Amino acid sequence: MADQARVGIIGGGLGGLAAACTLAARGHRVLLLERNPFLGGKACVLEEAGFRFDMGPTILTLPSVLRRIFAEASVPLEAGLELIELDPQWRCFFEDGSRLDLVSNVDDMADRLRDFCGSGEIGDGYRRFIELSRRLHDISERYFFWRSVGSVRDTFRFGGTFQPGVLRDLWSLRFGRSVAGTVRAHVPESRAAQMLDHFTQYVGSSPFLAPAVLCGIAHMQVAEKVWYPRGGTGAVPRALAELARKLGAELRTECPVRRILTENGRVQGVETESGERIALDAVISNADSVRTHRELLADQAAARFLGRRRYEPACSGVVLYLGLSKKYDHLLHHNFVFSRDAEEEFQAIYGEGRPAPDPTCYLAAPSVTEPEVAPPGGEALYVLVHTPYLRPQHRWSEMLPEYRKTILAKLARTGGMPDIESRIVVERFLTPEDIDRRYAVLQGAIYGLASHGRWAGAFKPANRSPDIRGLYLAGGSAHPGPGMPMALMSGWIAADVLHHDLHAGS
Ligand SMILES: Cc1cc2nc3c(=O)[nH]c(=O)nc-3n(C[C@H](O)[C@H](O)[C@H](O)COP(=O)(O)OP(=O)(O)OC[C@H]3O[C@@H](n4cnc5c(N)ncnc54)[C@H](O)[C@@H]3O)c2cc1C
């Protein structure tokens, strides 16, 4: 019977957990198989000597996505998570010594930009940019979000082919233009533009190569703000896992899947590393979408997906987890210490495949909101620097010591932390090689597939496989893309289309 189908989920990242909750809430028998000893994938936690670090995501936006997943089970989000709003949202440090806070109120921000840049035009340009961003966000809501989309053709299908309103909407997506070009057309001041460029870092892509539709991210943050879950972002997968279990889902850790079993173009089940064969009515893969096809499916079944397009990994990164004996009072919860030159930085990472010589460092100083993350007076400082995805010549065990020096010198010079070395009492790190190994991603990519290409850069593989019946994709390398809210939404979409397919008997 359709509503008692047995569904397997490969991977317990945010997408996998969101799918497990949604399917279990709709009455399906859910079995989630995770290869690591912990759930949450990249959203995991490191604890050492009284310091607690979220290891991966730290900036939570679009809480409405989490709310919708909890609503599947008729549970208010607040029953599982306490969310604290952060405003100012980020503090920006620039190479010339200037500082600027990003605040959520558009008029307030426009005034701050006017004063910061000494130009009323920049303030007005910011207002116009956010208005454009609002329209792009609205179009994303209507055509891309909450449905399985893999191409412009799918977008037309959902919009109603060639209706004048739909054509107008698609035209306003500004196909053929980049984020960086659109930002600078509105806000032609290098520091302000660098700040606005950085929304594309949420998807690990270059603003010079990403399509203008991604300017919509700025308004998503204006509309739904920035949040910190009490207990850290690790509280999100914990709450989802608890909900999934309450709804009857079985979540198994230390259980890698070796193969997805198919017959006549249809999923039959999975085989685990230990050789166990499990018969299933459908499978959602929360593992990287390219590696799912390369490694878990037979060549024949995977050929169409792998031949469909060139899959470019998004950027990777280096993270330093620094337990500090004494916190820095000039930091907010979220901070960006910007590179001296945005073009040079993005060209190095995305064009030449080498670490930026003068990188932008993102810093999370969570003790600002939750002092318990560190011993009294200390800080669990998280430093993330985006790097190229892994190339054969990258040997991070050899490259890290030198790059660590570059990062700490940058924090000393531009971030106002000249004595940082002397405050470090605990130090751990994560390199692109670690990311690749821990989370089984594509060439160390943090954010799945790059959103590069001014025409089709925003499209990711659809959640319903067009090639193999009964196979669905969820996570940062599937539609609608990476980042906590998008990975969660992809899990919901995969579960939703699977549910409808089973009811339709396909
Ligand atoms: C350092 C860093 C910083 C980030 N910062 C932010 C941020 O501030 N804000 C934000 O929104 N996002 C951020 N992100 C991105 C965000 O964390 C990811 O987009 C999101 O967590 C990905 O979720 P996912 O569903 O794709 O699953 P993943 O986290 O990729 O998990 C997939 C899971 O599948 C498992 N798996 C793979 N293969 C198999 C197999 N064969 N069998 C069983 N299990 C398997 C893996 O072990 C893993 O647990 C960051 C990520 C990193 C790494």
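Some ground rules come first. Residues are numbered from 1 along each chain as its sequence is written. Since the model is predicted, local features need pLDDT of at least 70 and side-chain atom pairs count only at pLDDT 80 or more, while totals for chains, interfaces and linings use all residues. Helices (H or I, at least four residues) and strands (E, at least two) are DSSP runs, numbered from the N terminus.

Most residues other than glycine have a negative phi, and most peptide bonds are trans.

| Site | Backbone value | Loop between |
|---|---|---|
| Asp87 to Pro88 | cis, omega near 5° | strand E6 (83-85) and strand E7 (90-93), for Pro88 |
| His479 to Pro480 | cis, omega about 0° | strand E20 (471-473) and helix H18 (484-504), for Pro480 |
| Ser74 | phi about 55° | helix H2 (63-72) and helix H3 (77-80) |

Are Ala49 and Ser74 buried or exposed? A residue is buried if 20 or more other C-beta atoms lie within 10 Å of its own, exposed if 12 or fewer, and partly exposed in between, with C-beta atoms placed from the backbone. Ala49 has 10 other C-beta atoms within 10 Å, so it is exposed. Ser74 has 7 within 10 Å and is exposed too.

Two strands pair if DSSP finds at least two bridges between them. E5 and strand E9 (residues 226-229) are joined antiparallel over 2 bridges, and Leu60 has Trp227 of E9 as its bridge partner.

**Around the ligand**

Which residues are closest to the ligand? The shell holds 36 residues, and the closest are Gly11, Gly13, Gly15, Gly41 and Gly475. A residue is near if its C-beta atom, placed from the backbone, lies within 6 Å of the molecule. Helix H1 (14-25), strand E15 (316-324), helix H17 (432-439) and H18 each give two or more residues to this shell, and H1 has the largest share with 3 residues.

By type, the shell splits into 19 nonpolar, 14 polar and 3 charged residues. Ala, Val, Leu, Ile, Met, Phe, Trp, Tyr, Cys and Pro count as nonpolar, Asp, Glu, Lys and Arg as charged, and the others, Gly among them, as polar.
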